[in-house]
Amino acid sequence: MTLSLLLTSVIFTGTENETDVSKIRVDFEDESLITDQESKNLKTCTQNLVAIGKALQTYEKEHDDFFPEWLSELHPKHLTNPDTLICPADEDQGVPILPYNTDPNLPMSYNYDCDPEYYQQWLKIERNVYGDANPIVRCPHHANPDSNSTLLSNLYLNLSFSNTIYLSEADWKKHPIGMYGGIDAAIAGYESALQHVPEDPNFFNLYSELIRLYVEAKRGNDAESLIDSFKSIMKPHDENIMRFRDYWTFVDMLKVIGRHEEALQLLQHLEKTELENPFRTSIFREIAMIHEEKGNVELAKTYFLKADARLGMIGKPAPNFSATDIDGNPISLKGYHGKVVLLDFWTTTCGPCIGEMPNMKKVYDAYKDVGFDVIAVNLNTDEADLREFLKVCDLPWRQIFGGQDSPLKKLYRVRGVPSPWLIDTEGKVISYQARGAALKKLVAEAVKEKS
């Protein structure tokens, strides 16, 4: 990536005017990648988060350490200006495209991760582990300037429980330097976090990220010691099949420290011995990535295809199908010939599926009149759940209810949702990962080719 993803942390105390937001900066290897307008948006958004953070502090003190259910509850007592809840980079100005899990009281640009139900569950555990560095409020509206990758989504500006503001990708845990404000602080933070959960597989990502920090800080001995520590607590053959992921953490650590041959030998051993393991495709993918890093192009390609046979469908004719939509009307892929089609496999219980729908709606509205359409294939267990959802979120494209055993799911080798397949005007597969920023770019290119 060209983006180093580091925003100087802001610690704010006292009045809002005491925070010098002009000192906030984003470090890029190529600073020309960020526009002047986006720089202004980041500064304004930072000011908003400073104000929201102070309002949350006041609210928490007045309510015996409880946070509001919605950020809008801060207005007007603790947050006098409702415009503070709107990020200038938010094209929709806080108005949701789909009425799903949105603040019911005011237009809202910011994601709030501290509703009482969620906080009492996972977030409270995370906060204990990461020492208040994890976000409480996040803004997802800032463009990622790495234009070389169409799959990258927007960047997030995060307000943490410790009242710092930092920039990250969607997975904030992979950006500890921004979280803690520097590499030494990040190392101390992740070392402390590991002391809380050294054997909890839900937090094994800490090992890989701490290894990366040690390597960056040129602390090779500490990195080697951490690998030895992890080896002592690995339980890859636990009766719980999910513990097989111990191997992935170990392989990742070996790769970070440069021990690629050792990682490859372990994976090749697993390829021979784990013949019935449901995660066997992950073994192939890891082998492919190591061969790719080593410059073994053909071997990498072979193993990527073993890991995901869908790769072999790119550029090939998409499987045709005939079905009935939820209104009882016949529908077939062949009937859309000449159009660019997004075939979207989803469920109403899939958070990423629902989260992607506003983006899909924007792309649909932008290109529906020039040859773009969507066919949704719902894989819910119960069709009634789909119909209830559509009463609230009236989606403009046609829906097929396929259920968990849908023949379309097998036809397109869908292993999980979301699974968005983009198909060109000739019926050939463009991508089976057409989401986020990639969707708009791929649709624009396909429609342009059509015209």
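**Salt bridges across the fold**

Glu 261 and Lys 294 form a salt bridge, with their closest N and O atoms 2.4 Å apart. Here, a salt bridge means a side-chain nitrogen of Lys or Arg within 4 Å of a carboxyl oxygen of Asp or Glu. This pair links distant parts of the chain: Glu 261 sits in helix H8 (residues 260-273) and Lys 294 in helix H9 (residues 280-294), 33 residues apart. Helices are DSSP runs of H or I, at least four residues, numbered from the N terminus.

A word on what you're looking at: this is a predicted model, where local features need pLDDT of at least 70, side-chain atom pairs count only at pLDDT 80 or more, and totals for chains, interfaces and linings use all residues. Residues are numbered from 1 along each chain as its sequence is written, and side-chain values use heavy atoms, with hydrogens and water left out.

Back to that first pair. Glu 261 is partly exposed, at 42% relative accessibility, and Lys 294 is partly exposed too, at 37%. The scale runs from buried (under 20% relative accessible area) through partly exposed (in between) to exposed (over 50%), using a 1.4 Å probe and protein chains only.

Lys 306 lies in helix H10 (residues 297-307), so to speak a distant part of the chain, 35 residues from Glu 271. Glu 271 is buried at 14%, whereas Lys 306 is partly exposed at 40%.

Next come Asp 308 and Arg 310, bridged with closest N and O atoms 2.9 Å apart; both are buried. Elsewhere, salt bridges with shared partners join Glu 91, Asp 92 and Lys 362 into one network. The whole structure holds 22 salt bridges.

Key. Helices (H or I, at least four residues) and strands (E, at least two) are DSSP runs, numbered from the N terminus.
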